[in-house]
Amino acid sequence: MSWLAEVDWASVLIQGTLIGGLYALFAIGLSLAFGIMRLVNIAHGDLIVLCAYLAMIVVNATGMHPLLSIAVVVPLMFVLGYLLQRGLLNFTLGPSILPPLLVTFGISVIIQNLLLEVFGADTRRLNAGAMETASIALPGDVTVGIFPLVIFAVALVSLGALQYLLYRTRLGRAFRATSDDADTAELMGIDNRHLYSLAMGIALAFTALAAVLFSIRTSFDPAAGPINLIFAFEAVIIGGLGSLWGTLLGGVILGVSQSLGGSVVGPSVSMLIGTQVSAQWQILTGHIVFIIILIVKPDGLFPRIRD
Amino acid sequence: MSTAPAFTTRFDVERSTQLSRVSAVIACLGLAVLISLPWWGETGTMRLIAEMAYFLALAQLWNLLAGYAGLVSVGQQVYVGIGGYVLFATSDWYGVHPLLAILISGVAAAVISLPMALIVFRLRGAYFAVGTWVVAEIFNLFVAQVPQLGGGSGYSLTPEIVRSVAADRAGREMLMYWMALAISIAVIAFVYMLLRSRHGLALTAIRDSEAASESLGVDTYRTKLMIYVVTALCTGLLGGFIFLQKLRISPEAAFSINDWTVVVIFMVVIGGIGTMEGPIIGLLIYFAMREMLADYGSWYLILLGIVAVAVMLTAREGIWGLIGKRFDLHLFPVRRRLIQRPDSDGKPG
Amino acid sequence: MSTVENLLKTKALSACYGDFQALFDIEFEIREGETVAVIGSNGAGKSTFLRALAGALDSAPAMVSYQGNPIGHLPAHQVLRLGIALVPEGRKLFPSLSVEENLRIGGDFGRAGPWTLNRVYELFPVLAERRAQAATALSGGQQQMCAIGRALMSNPRLLLCDEISMGLAPVIIRELYERLDTIAAEGTTLVIVEQDIDRALAAADRFYCFQKGRVSLAGTARGFDRQAITAAYFGI
C-alpha cells in the first residue's frame, strides 16, 4: 500500500488529538453526573444539541459573535440543570437503575422530537467568521487550525477548573463525600438534593460550553444528540469511570482513532474490497477501538470509581 | 420441602387464577376471530394487526430482558437488523426459501449475540445500556459499508424471491398475516413458559435482589446470559419476518433505535415493566396514540415520552401495576401462590 | 434557658424500617451537660434510636423535641445545623477524602464554636501526624478518633456516639473514653450507645436500657442493681 506514504501522519494525529478535546468536554457533564449521583444521563447528547439551538437563537436574535453566546447559554443551562435535577431527576434516584435510565431516555426522545417540530430537520451551523479558517504553521509543514486549538485549550482549562473545584473547595469536598456515601454526607449537614441539583447545574454548564464550540465546528440537526452521547460515553469508558484526566485521554484516543479511520483505515479497506471511501469510517473506527479497549481493559485506562 | 402444617389448615400451591382461566378462554375466542380476519377484514386492518402482533412480541422480549433479567438494553434493534439482513442475504445469495430463512435469521442472531454478550456484560447498569447501543451502531455503520448488502441505501428482495413466498399479492398478504400471528404468539408463549419454569423463578429472584439470589445459589451470570441469547434468537426471528414483510431493507430502517427499541421501551414502561400484562396495555396505548395523532408528525412520540416519564415518576409499576395491584388480577400467572384453605374436616383455619 | 430544662426529649418515639417497626414509644430525656448511656443487646434498637434523633429516620414532629422545639420531622442535614451530631456506627469515614478533609467536612456545614481543626488535632495528635493520608489508611482506633473529630468539627451541643468501642482493643477503648471525658468537660452533652454495660455505666450519669425496641429499664448509672440491669438487658 504505497499510498500510505502519502498520508500526512502528523496532521492526522494532531487533528485527532484536538478533536479529542471536544469529546472530553462532552464527557465532563456525563462523568460528573455519574460520579456524584450514579446517574447516567441518556439525554446528555440531546442536551448538547439543545444548547446548540439555544446558542443559535441567541446569535440570531442579537447578532453577537457565536463565542459570546457562551455568556448567555452557560448560565441558562446551569439553571436548567439545577431545575431538571431538583424537579425531576432527584425523584428517580434510588437502588434501582431503571427509573433514572428510563426517565432520561424519555427526556432524550422528548427533546429530539421537540427540536424536530420547532426547527425542522435542516442541518444548522454557527458562523464564527475568520476564526474558523485561521491557522498557524508548525515546523515540518504542518498547519493547525486556530479554532481546534481553542477547543483543546478550553478543554484543558475546563478540566483544570473542575479539578480545582473538586479537590480544593468546600463544595468539591461535599461532592466527593456524597459520592462516597450519601447517607453519611447528610449526617454532615449536606443537603443531598440541593447538592445533586448543583452538580447537574455544573454538568450542564460545561455541556453548554462544549455545545457552543461544537455548533461552530460541526453542523448539527435535531437527531445529532445520540451520536454525541455515544462519543462522550466512549471517552468516559476509555479513560476510566470517574477519572478526570483519563477522560481527556479517552477523548484524545477516540479523536485520533476517528482521524485514522477517515484517512487510513477507511481508504485501506475500500482499496481492498474496491469500493468508494465512506465518511462513516471515522465513526466506525472510533467505535471499534472503543470495543477493543473494552475487551482488553474493561475498567478503562485510568480506573477510579467502581460502580 | 414441605410447608404444610400438621393440622387445621391445608396449603396448596396455585399457579393459575380464576381470572386467568376465564381470560384464557376469551383469548382463544379472540384468536379464532383474528385467524379468520383475512376472509372478512380489510388489508389495512390485517397489516395493523400484524404490526401490533410483532410489536407485542418485541415488547414481551424487551420486558423479559429488562424487567426480569435486569438487562436494560437500548440496543435490541441490532437483532432486528441482523435478522432482517440475514434473511435478505440467505435468500438472495444462497437461494434459501424465505420462510426457512426466517429460522436462520433467529439462529444467526443468537450466534452473534453470544460473543456480543461477553463484551457488553463487562459494563454495568446504565453503562450496559449505552454499550448495547454502541454495538448496534457498529452493525449499522458496518452493513452500510458492504455493497453486496446494498450499502447505505439498502436494497429490495428480487421478484422471484417474493413470488416464492406466495404466487400472488393477496395470498402473500394472507400468509404474512397468519405468520405474524403465529410467530408472535409462539414468542409470547415461549416467554410465558420460560417465566413459569425454573428459570423464571431464578429470574424473579434476580429481579428482586441480585445479591440475595446469588447467595441462594442462582448463577446470575449464566441466567442472564441465557436470557440475553434467547431474547436475541426471538428478536432475530421477528426481524427476519418483519423485513420479509417489508420486502425492502436499509441500515437506517433495520437498525433504527426509534422503531425497534424506543417505542418498545415506552410500551413496556407505560404498561408496566416486570409483568406480562403490562406490555399488552402499553401496546394498546401506543397504537391508540399513534393512530389518533397520525396527522401531527412526531408529537405522538413527544406525548409518549411525557407519559413514560410521568409513569416512571409516579407509578413505577406502570398502568397494569396500578390496576393489577388494586384488584389482584393476574392474566398471566407466572407466580406460585400459596393458598390457605380450611382442611377436609371442615375446621376453619 | 435554664440547665434544669431538657436539652432533648422524646415522646412516644416510634420508628420503622419499611414494614418493620424497630422502636416503640420511647420516652427519653437528657439535660444540658449530662452524659447518658443507652445500653442493650444486638438489635435492641439503640442505633435506630440514635439515627432517629439525628434525623436520619423519619418520625412525627412532636416525637423528638430539642430545646423545646419539635424536630422529629427535620432531615439529618438540618438537625446537624441545630447542634446534634452523630458518630455513626462503623465510623463511616469518606474513603476518597484524606484524614484532614474528613475532619473539615464535619465543620463545613456545622455551627461555629470552640472546636476547630487545631483543637481536634490537640485532642487526637495522631490525626495531625496522618492528616494527609487517606482515611482508609488509618487503624481502627484512629478511624474512630477521626469519626469523633469529624462530628466535633460541627460544634454540636449534643453528641451521639454509636458503639465507638466496636472491634477495638481495650487499651484503645480506654483512650477513647478518656477523650470523651474531655469533650464532656467542655460542656458537650453526650449520648453513648454501648453493648459493654460496665464501660457505658462508668462513663455516664444516667442510663437507659433498650430491649426489643422498648425502654426496659432506666436510672442513674451509679449504684444500680446489677442484676436488674442484666435482666433488663437480656430480657430474662
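This is a predicted model: local features need pLDDT of at least 70, side-chain atom pairs count only at pLDDT 80 or more; totals for chains, interfaces and linings use all residues.
**Entry 1: which chains touch**

Two pairs of chains are in contact, and chains A and B share the most contacts.

**Entry 2: chain B against chain A**

I looked up how many residues take part here. Chain B brings 40 residues into contact with 45 residues of chain A. I then read the buried area between chain B and chain A, about 3900 Å². Carbon and sulfur atoms give 83% of that area. I searched this interface for salt bridges and found zero.

**Entry 3: chain C against chain A**

I moved on to the contact of chain C with chain A. I found 22 residues from chain C and 16 residues from chain A in this contact. The area buried between these two chains is about 1800 Å². Carbon and sulfur atoms give 61% of it.

Side chains of opposite charge can pair when their charged atoms come close. I ran the search over all chains, and the whole structure holds 16 salt bridges. One pair I followed is A:R176 in helix α7 (residues 170–180) of chain A with C:E101 in helix α3 (residues 99–108) of chain C, so this pair joins two chains. The N to O distance between the side chains of A:R176 and C:E101 is 2.4 Å. Between chain C and chain A I count two salt bridges.

**Entry 4: two helices inside chain A**

Two packed helices are described by the angle between their axes and the distance between the axes. I took helix α1 (residues 9–37) and helix α9 (residues 192–217), both of chain A. Their angle is about 165°, and their axes are 9 Å apart. Are α1(A) and α9(A) roughly parallel or roughly antiparallel? An angle over 145 degrees counts as roughly antiparallel, and α1(A) and α9(A) are therefore roughly antiparallel to each other. I also noted the hand of the crossing of α1(A) and α9(A), which is left-handed.

I listed the residues that make the contact. From α1(A) they include A:I19, A:L22, A:F26, A:G29 and A:I36. From α9(A) they include A:Y196, A:M200, A:F206, A:T207 and A:R217. Sorted by class, the contact of α1(A) with α9(A) has 18 nonpolar, two polar and one charged residues.

Terms used:
Residues are numbered from 1 along each chain as its sequence is written. Chains are lettered from A and ligands numbered from 1 in the order in which they are written. Side-chain values use heavy atoms; hydrogens and water are left out. Axes are lines fitted to C-alpha atoms, for helices over the stretch in contact, and angles run from 0 to 180 degrees between N-to-C directions. Helices (H or I, at least four residues) and strands (E, at least two) are DSSP runs, numbered from the N terminus. Angles under 35 degrees count as roughly parallel, over 145 as roughly antiparallel, 65 to 115 as roughly perpendicular and the rest as oblique. A crossing is left-handed if the near helix is turned anticlockwise from the far one by less than a right angle, and right-handed if clockwise. Contact means heavy atoms within 4.5 Å. Ala, Val, Leu, Ile, Met, Phe, Trp, Tyr, Cys and Pro count as nonpolar, Asp, Glu, Lys and Arg as charged, and the others, Gly among them, as polar. Buried area is the accessible area (1.4 Å probe) that two parts lose on being put together, summed over both. A salt bridge is a side-chain nitrogen of Lys or Arg within 4 Å of a carboxyl oxygen of Asp or Glu.
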